[in-house]
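Here's a quick look around one chain, taken a feature at a time. Keep the viewer open as you read.

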Amino acid sequence: MKIYLAVTAALLSFYIHSQNCSNKLVGKVVDFHDGSPIIDATVYIEALNSYKITDEQGRFQFNDLCEGEIELTISHLNCETKTFNVTIDGNTAKSFALEHHIQELQLIEVTGVTNKKLTTSAQESLLKEKTITKYSALSIGDALKEVPGVSSINTGNSIVKPMINGMHSSRVLIVNNGVRMQDQEWGIEHAPNIDVNTAGQISVIKGSGTLAFGGDAIGGVVVIKPSKMVTVDSLYGTTTVTGQSNGRGYNLNSSLTKTTAKGWYYNIQGNYKRNGDYRSPDYFLTNTASKSYGYSGGFGYKSLERGLDVFYSRLQNEIGILRSSHIGNIEDLVIAINSQEPTVIEDFDYTITAPKQDVNHQLLKINLYERFRSFGRLSLQYDFQNNHRLEYDVRVGNDRNKSALDLRLKTHTLSADLKVDSDNTLEYNFGLMGRYQNNFANPDTGVRRLIPDYDKYEFGTYATAVYQLNDKTSIDAGMRYDFVRIDAKKFYQTSRWEERNYQEDFGDLIIEDFGTQILVNPVFNYHNLSASTGLNYAFSDSSEVLFQYALSSRAPNPSELFSDGLHHSAARIELGDLRLQQEVSNRVGGSYNYKSSDFGFNIEAYYNYINDFIYLEPIGIEATIRGAFPVWNYRQNNADFFGIDLSANYSVLENVTLTNNTSFIQANDLDNNRPLIDIPPITIINGLTVSKPKWNDLSLSLKSEWVLEQQNFPDNNFEAYIPTTEENVLVDISSPPPAYHLVHLYSEATFKISKTSELKTSLSVTNLFNTNYRAYLNRLRYFADDVGTNVLLQIQFNY
């Protein structure tokens, strides 16, 4: 045994002394982001209990290292500590990269949102999670009205479509979790299919200042982002319960998130909402009940170098439309306009009957990204959307439960975006996008199809740059090209084809002539060019000025081109025009921002000149087998929009703040020298907020909302013959309702339950004094007053 131990010790000693332990490791620690050296980083080899500090070039050196694998731990005050395994094989040189802005990233993860604007010089506003939570039981359109210059065009109280500086529908892009929404957005009565409870931050960008999302955002872009995932081992969630008096409604939303320190995360969320008939100050609004449910889920992985994000959501909305708004003919419309009350008033009910909408929207997104050291980030994305829209009219017999409109829209999109940000003063962005869309209009409704079957192909590419000229000045510029091809097949009544003189211009589109109707195959190609440039100059840390010019182009949508028939949920005949060309917008905007500890002020001014602006306007009446209906026709003229949005806040005392939001806009049809239809009136909103942080973060707010009467509107009134009275009467569909003033109340408090959980409660009262009013931009203003007082109680449990 002694001989064995002696031999073993001798061999071990020989191996140790024969191993080369005179190697050097020369290293350099750099910023992963831009390759710049990181100074004063600590480099530690635990096995040798040895450490070095990087010099001004980010370099370090270890001597007398043995061959083999060693473990290095590198740390820095502003960086995440990382461990590297290095193989020593002779003298070794190696570079190590850390993310030098990790403190910023950790702050984002702790707060859950970025609170960072997406643009440099565009007129952009942010809605944070605290504000969004107040609208858990309402819609995304209601939440967006917190931003000056953003209003809505409504169909009753449940269908709320956002307007930015007087424009809506296809001129306002909505990007939800990185996906541009494709949900039949062309319709005024088509609200966005988005659950507001999935939003962690909302950016509202006025004008087409963000070319990455599209060049056709003549009105603006709404970017909805989820809350950021925390890269720690954690399990957290939120449950919100809301009840409201008007409509006797209730809402339940809950979400649960699991995150890991290795970067993996998982999230699920669900929402259920139910409302009965709303009530105006004097009567119930029969058949305005609604029901909504949705769920979403996702998982992914994120690290500094690469990441994956998979997301799926489904939202189902069933929305009743005021029963009195269903008119059988022009005489019903005249009676409704001249009546002070709806023609149908029944007791409260949760039942939803025709007329109504039933809309299902599904969204799937898969996103991958890879960061390249000292270069930038490449992301690839595929997304799919399936939108199924059913609209029900009041029908009898075997068709009473059959929809009058049945549209299914499927959209596939592939995109690639490259950000080159290795230079701290200059950032480039490049992107490619390809999209295919198919619309199927079910012919089994038994009703003439309003929108035809079509295939739509899109290709887009863009390039943008942001240059930080100095500490005070940054400039940006970009260009985008989009190709749009629409291939449709549509039946026209021969009489309509001839009435609109299509034979001369589009006779070659005819596939087959059936005598009383013809089948045509319109194929239209559009080439759209968009561009923007802007400047941001900071006078100081508290004030800045922004200027931007944006050129944007928008191809006409299928509704504007092909609408042809009775739109049952709108109770009007809508006529598109195959001759419509793309719109071209030239928008100039400027802003001044000032912010101090007790005072904040922001003023935004803009002018937008639009060539060939497309709008829908009434032109008269037309007789059908169901009776006479108003005819609304898509027209195209040159137009301009100009306006001012102002917001201010002033802390009168330490815990008392005054706020003001004021918006003014005017828009004109330049070819006919008259105002445009459906433009928001002047709105002035003043607020008073009293807060006591020591009293469980208690906050009390009183809001005064003045909406002036719209004085600038086109005269689209027309005369109609009423058979029952055998006389011609004036149908006044143009005159706006009078001005109105509403008062709202909001209060909230937070109660700490434990170290990791809290309970937030809020109580709000809208239309505090139960004021009778009719909003100019509510399409149902002809038939009934808007809703009266509504008390909402919300309880949110964060755990």
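## The disulfide

A disulfide here is a pair of cysteine sulfur atoms within 2.5 Å. Searching the whole structure turns up one disulfide: Cys21 is joined to Cys66, with S to S at 1.8 Å. The torsion about their S-S bond is about 100 degrees, so the disulfide is right-handed. The pair links distant parts of the chain, 45 residues apart: Cys21 sits in the loop between α1 (2-18) and β1 (23-31), and Cys66 in the loop between β4 (59-65) and β5. Helices (H or I, at least four residues) and strands (E, at least two) are DSSP runs, numbered from the N terminus.

Cys21 counts as partly exposed at 28% relative accessibility, and Cys66 is partly exposed too, at 31%. (Buried means under 20% relative accessible area, exposed over 50%, partly exposed in between, with a 1.4 Å probe and protein chains only.)

## Strands around β5

Strands pair if DSSP finds at least two bridges between them. β5 (residues 68-75) pairs with β2 (residues 42-45) in the antiparallel sense over four bridges, with Thr42 bridged to Ser75. β5 also pairs with β6 (residues 82-88), antiparallel over seven bridges, and six residues make the hairpin that joins β5 to β6.

## Ser324

Ser324, in the loop between β19 (306-320) and α5 (330-338), is buried at 4% relative accessibility. Beyond neighbours within four places in sequence, Ser324 is in contact (heavy atoms within 4.5 Å) with Pro342, Thr343, Val344 and Phe783.

## About the model

This is a predicted model: local features need pLDDT of at least 70, side-chain atom pairs count only at pLDDT 80 or more, and totals for chains, interfaces and linings use all residues. Residues are numbered from 1 along each chain as its sequence is written, and side-chain values use heavy atoms, leaving out hydrogens and water.
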